[in-house]
Amino acid sequence: PERQVERQRVRAFGVAFRVELGCVMDRGAGCEDRKAYARRQIKTPRGAKAMRGLFDEGRGHLVGTSGTVTSMAGVHLRLPRYDRSKVDGLWMSGEEALAACARLRNLDIEGRAQEPTIGSDRAELVLAGCAIYEAVAEAWPADRLRVGDRGLREGMLLNLMRRTKKRRRRRKRSGAPSGAET
């Protein structure tokens, strides 16, 4: 059977869960149930156990960046074509996110390819990402999912760039040489 690896990251309060699903194709015998496999692969990252109480109290939320979660958001919104401005920053309820996954799971590969925000290039892979999302959502139940199109790395980089710019401005105002430590 044909095999591809789908890597997805789902973040819970800044802690990344990364799961590799080795068998994501619809064709071929021997593929395990994706969600069961994802469940077994998820390991609670260091530092995440301290946040368990927040999730148990219903105060935690998941943050998903790029890939599957943006596809889920597009399916949820029933967009006629992908629109970053509508997806980036979207809040989805936990039920809406799971419903988008269920909708995709209930379609065959041709049906998923017809979804404007999925297309033929992601039609086979998106189910692996949904399985990972569902497994993380079971382990870390949250009422809400925040969708980020641009990714957390880009946001962190922009924040670092802004901080560097502010430091330069402070140095110029204080008269400190540009290479001096602050």
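These are my notebook entries on one predicted model.

**Ground rules**

I number residues from 1 along each chain as its sequence is written, and I use heavy atoms for side-chain values, leaving out hydrogens and water. Since the model is predicted, I ask for pLDDT of at least 70 for local features and 80 or more for side-chain atom pairs, while totals for chains, interfaces and linings use all residues.

**Entry 1: the whole chain**

I looked up the fold elements. The chain has eight helices and five strands. I take these as DSSP runs numbered from the N terminus: helices are H or I with at least four residues, strands are E with at least two. Along the sequence I read β-β-α-α-β-α-α-β-α-α-α-β-α.

Next I checked burial. Of the 182 residues, 39% count as buried. My cut-offs are under 20% relative accessible area for buried, over 50% for exposed, and partly exposed in between, with a 1.4 Å probe and protein chains only. The accessible surface of the chain comes to about 10,800 Å². Carbon and sulfur atoms hold 48% of that surface. The areas come from the Shrake-Rupley method with a 1.4 Å probe; for residues, only the protein chains shown count as cover.

I then looked at contacts, meaning heavy atoms within 4.5 Å. Among contacts between residues at least 6 apart in sequence, 68% join residues at least 24 apart.

**Entry 2: around Trp-140**

I searched for aromatic pairs. The rule takes rings of Phe, Tyr and Trp (its six-membered ring) with centres within 6.5 Å; planes under 30 degrees apart are stacked, over 60 edge-to-face, the rest tilted. The count comes to one aromatic pair. Phe-55 and Trp-140 form it, edge-to-face, at 5.0 Å centre to centre and 80° between the planes. Phe-55 lies in α2 (residues 52-56) and Trp-140 in the loop between α7 (126-139) and β5 (144-148), so the pair ties together parts 85 residues apart in sequence. Phe-55 is buried at 5% relative accessible area. Trp-140 is buried too, at 2%.

I also looked for charges over rings, meaning NZ of Lys or CZ of Arg within 6 Å of the ring centre and within 35 degrees of the ring normal. Arg-52 lies over the face of Trp-140, 3.9 Å from the ring centre. Arg-144 has its charged end over the ring of Trp-91, 3.7 Å from the centre.

Thr-44 sits in the loop between α1 (34-41) and α2. It is partly exposed, at 37%.

**Entry 3: helix α3**

How do α3 (residues 68-77) and α5 (residues 94-105) pack? I find an angle of about 90° and axes 9 Å apart. Axes are lines fitted to C-alpha atoms, for helices over the stretch in contact, and angles run from 0 to 180 degrees between N-to-C directions. The two helices are therefore roughly perpendicular, a label for 65 to 115 degrees. Met-72, Val-75 and His-76 in α3 meet α5 residues including Ala-97, Cys-101 and Leu-104.

Eight of the ten residues of α3 are buried, so this helix is largely enclosed by the rest of the structure. Among the buried ones I noted Thr-68, Met-72 and Val-75.

**Entry 4: positive phi**

Most residues other than glycine have a negative phi. I noted Ser-66, with phi near 50°. Ser-66 is in the loop between β3 (62-65) and α3, and is partly exposed at 28%. Just after α3, Arg-78 has a positive phi of about 55°. Arg-78 lies in the loop between α3 and α4 (84-87), and is exposed at 59%.

Conventions
Angles under 35 degrees count as roughly parallel, over 145 as roughly antiparallel, 65 to 115 as roughly perpendicular and the rest as oblique.
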